[in-house]
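Me: I would like to go through this model with you, one topic at a time. Could we begin once it is on display?

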Amino acid sequence: MTSATGTPPVLRLEGVSHTYAGQRRRTTVLKDIDHSFERGTFYTVLGPSGSGKTTLLSLASGLDAPTRGTVSFDGQDLTTLGLGRYRNRHAATIFQHYNLLTYMTAVQNVTTAMEITGVKPGPGGRRARALELLERIGLDKDTATRNVMRLSGGQQQRVAIARALACDVDILFADEPTGNLDEDTARGIIDTFRELAHEQDKCVIVVTHSQRLAARSDRVLTLRRGRLTAGKGPR
Ligand SMILES: Nc1ncnc2c1ncn2[C@@H]1O[C@H](COP(=O)(O)OP(=O)(O)OP(=O)(O)O)[C@@H](O)[C@H]1O
């Protein structure tokens, strides 16, 4: 399927089903999901606890392959493109449990991600860019140069967000990114997601329980009993 401009969607799920094999029985969490995601759009995925939101995110972000169906980036099947290549070059994920490198400072976590994904250093170098991003989401230099294990949960969450922003990828995924943040910081993060989509033409996909976050996204999708349904959200 192609968009009105004739280009393939940045991300497409076709006939995607996913089953977990437990010790006693198999559980099918996602059933035959078909959906296209476009650049320049901020999506939220809502759904009750256990409905498969995190599973959907791991398949769409290339952490895992579906048991059936295909996931493609810019028209290319991820299994052909390579899941590792897709994750390194085209997609970044803000995990629910941050996944920070615990022996490093906040700024080192961000610069390391920039090195791995091959982001060009820019005029001031990677460190200056990392400090700028951390400052933008409310972490000053003193906090940014502290080991991440000496930061609060909300501060660690902000480091995870800055790390994903630093990678300059096509698609940004986030699992409950504002869960640990106060209202002002959460609002700032949501503004950043909107700006990434609307001014930098990124595709932003956020899994959440927050109706407030969903209300500020462009498209709200709901996952229920393994099926994904689309509703139009306010822009
Ligand atoms: N690795 C796994 N092996 C077996 N079952 C799993 C595995 N991961 C998730 N599940 C099951 O799949 C279902 C969907 O889980 P998932 O974490 O995707 O839901 P969710 O919508 O993100 O939930 P929440 O909102 O509570 O975070 C749950 O029943 C869960 O127990």
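This is a predicted model: local features need pLDDT of at least 70, side-chain atom pairs count only at pLDDT 80 or more; totals for chains, interfaces and linings use all residues.

Me: Which residues surround the ligand?

Reply: The ligand is surrounded by Y20, G22, T27, V29, G47, S49, G50, S51, G52, K53, T54 and T55.

Me: And which element gives the largest share of that shell?

Reply: Helix α1 does, with 3 residues. Both β2 (26-37) and α1 (53-60) supply at least two residues each to the shell around the ligand.

Me: How do the shell residues divide into nonpolar, polar and charged?

Reply: The shell around the ligand has 2 nonpolar, 9 polar and 1 charged residues.

Me: Changing topic, at what angle do α5 and α7 pack?

Reply: Helix α5 (residues 126-136) packs with helix α7 (residues 153-166) at an angle of about 130°, and their axes are 9 Å apart. The two helices, α5 and α7, are therefore oblique to each other. The crossing in which α5 passes α7 is right-handed.

Me: Which residues make that contact?

Reply: From α5 the contact is made by R129, A130, L133 and L134, and from α7 by A162, L165 and A166. By class, the contact of α5 with α7 has 6 nonpolar residues, no polar residues and 1 charged residue.

Me: Staying with α5, which of its residues are buried?

Reply: The buried residues of α5 are R129, A130, L131, L133 and L134.

Me: What do the buried residues of α5 pack against?

Reply: They pack against α4, α6 (141-144) and α7.

Me: What follows α5?

Reply: G138 follows α5, and the phi of G138 is positive, near 95°.

Me: Now A113. Where is its place?

Reply: A113 is in helix α4, which covers residues 106-117.

Me: Is A113 buried or exposed?

Reply: A113 counts as buried, because it has 23 C-beta neighbours inside 10 Å; the cut-off for buried is 20 or more.

Me: With which residues is A113 in contact, leaving aside its neighbours within four places in sequence?

Reply: On that basis A113 is in contact with R163, A166 and C167. A166 also belongs to the α7 side of the contact with α5.

Me: What separates the C-alpha atoms of A113 and A92?

Reply: A113 and A92 are 21 residues apart along the chain, and their C-alpha atoms are separated by 9.8 Å.

Technical notes:
Residues are numbered from 1 along each chain as its sequence is written. Axes are lines fitted to C-alpha atoms, for helices over the stretch in contact, and angles run from 0 to 180 degrees between N-to-C directions. Helices (H or I, at least four residues) and strands (E, at least two) are DSSP runs, numbered from the N terminus. Angles under 35 degrees count as roughly parallel, over 145 as roughly antiparallel, 65 to 115 as roughly perpendicular and the rest as oblique. A crossing is left-handed if the near helix is turned anticlockwise from the far one by less than a right angle, and right-handed if clockwise. Two residues are in contact if their C-beta atoms, placed from the backbone, lie within 7 Å. Ala, Val, Leu, Ile, Met, Phe, Trp, Tyr, Cys and Pro count as nonpolar, Asp, Glu, Lys and Arg as charged, and the others, Gly among them, as polar. A residue is near a molecule or strand if its C-beta atom, placed from the backbone, lies within 6 Å of it. A residue is buried if 20 or more other C-beta atoms lie within 10 Å of its own, exposed if 12 or fewer, and partly exposed in between; C-beta atoms are placed from the backbone.
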